[in-house]
Amino acid sequence: MERFELQLEGNSRQDLPSIIEAAAKSLGLVTTQVTTLSTYPGSVHWHFKQGKGRGTLEATYWPERHRAWLSYRSGREAEWIAPAIREFKRFVRKSVRSRVSKRLYSVRSSPIHGRGVFALRRIPKGKRVIEYRGERISSDEATRRYDESMDYPFTFLFEVDESTIIDAEVRGNSARYINHSCSPNCESLNEGGRIFIETLRQISPGEELTYDYQLETEEPVTPRLQAVFGCNCGTRRCRGTLLSVD
């Protein structure tokens, strides 16, 4: 068995199955079977053949957080399999690097809170980075879904207007992981009911993207409520809360 590991993030993980299939096609391989291995939940397992030649090349993609494993099992001995494995790995690695280099950001662990969004390359001022997506629901539905969870802030809910809220827990994208900062490098823009995250200044590679949540509440802003919505951005101008404080 031949095996190699790829460290992947964001879209490169989502694209990997199509990259594997493209690699097989470029090598003139025919897909004879696509299945899931019971020992690797969520995996995709391919059987590839070269024309009428004997032997089977097997490829397995198993995503685990930011990691993807690819393994190749030759099955019966065949002269074409060893060189095909080498070309297969070369094609996949090259394709992954190419796709990653075009992306602006990746999602990984954040020192501010949970997971965050980080620049992969220099992003200029005024660049529209991503749209905040998710299921559009009413404020009443948002209250129904989350009213019993007041022990933590609803950072995945984005209020579009008085009657519309985006719930990024449902069909959301990477924008839901952009953390709050009291001294942000991005801002949220409402354009015709669509929410976009745009840079306020130039952002360096490796820098975490942030914007000011400016959360509002109908309750009196008490010290307890400020603590519930506490801020960990660590900037000099940190106001200590995600809430908008006049």
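In which sense do strand 13 and strand 14 pair, and over how many bridges? Strand 13 (residues 186-191) and strand 14 pair in the antiparallel sense over 6 bridges. The model is predicted: local features require pLDDT of at least 70 and side-chain atom pairs pLDDT 80 or more, whereas totals for chains, interfaces and linings use all residues. Residues are numbered from 1 along each chain as its sequence is written, and side-chain values use heavy atoms, with hydrogens and water left out.

**View 1. The hairpin of strands 13 and 14**. Strands are DSSP runs of E, at least two residues, numbered from the N terminus; two strands pair if DSSP finds at least two bridges between them. The turn has 2 residues between the strands, and Gly192 there has a positive phi of about 65°. Glu191 has Arg194 of strand 14 as its bridge partner.

**View 2. Strand 14 beside strand 8**. These strands pair in the antiparallel sense over 4 bridges, and Tyr132 has Ile195 in strand 14 as its bridge partner.

**View 3. The largest nonpolar core**. Such a core is a set of buried Ala, Val, Leu, Ile, Met, Phe, Trp, Tyr and Cys residues joined through side-chain atoms within 4.5 Å. Of its 31 residues, Tyr132, Leu209 and Tyr211 touch the most other members. Strand 8 (128-132) is among the elements that give two or more residues to this core, and its share, 3 residues, is the largest.

Conventions
Buried < 20%, exposed > 50% of the residue type's maximum accessible area, 1.4 Å probe, protein only.
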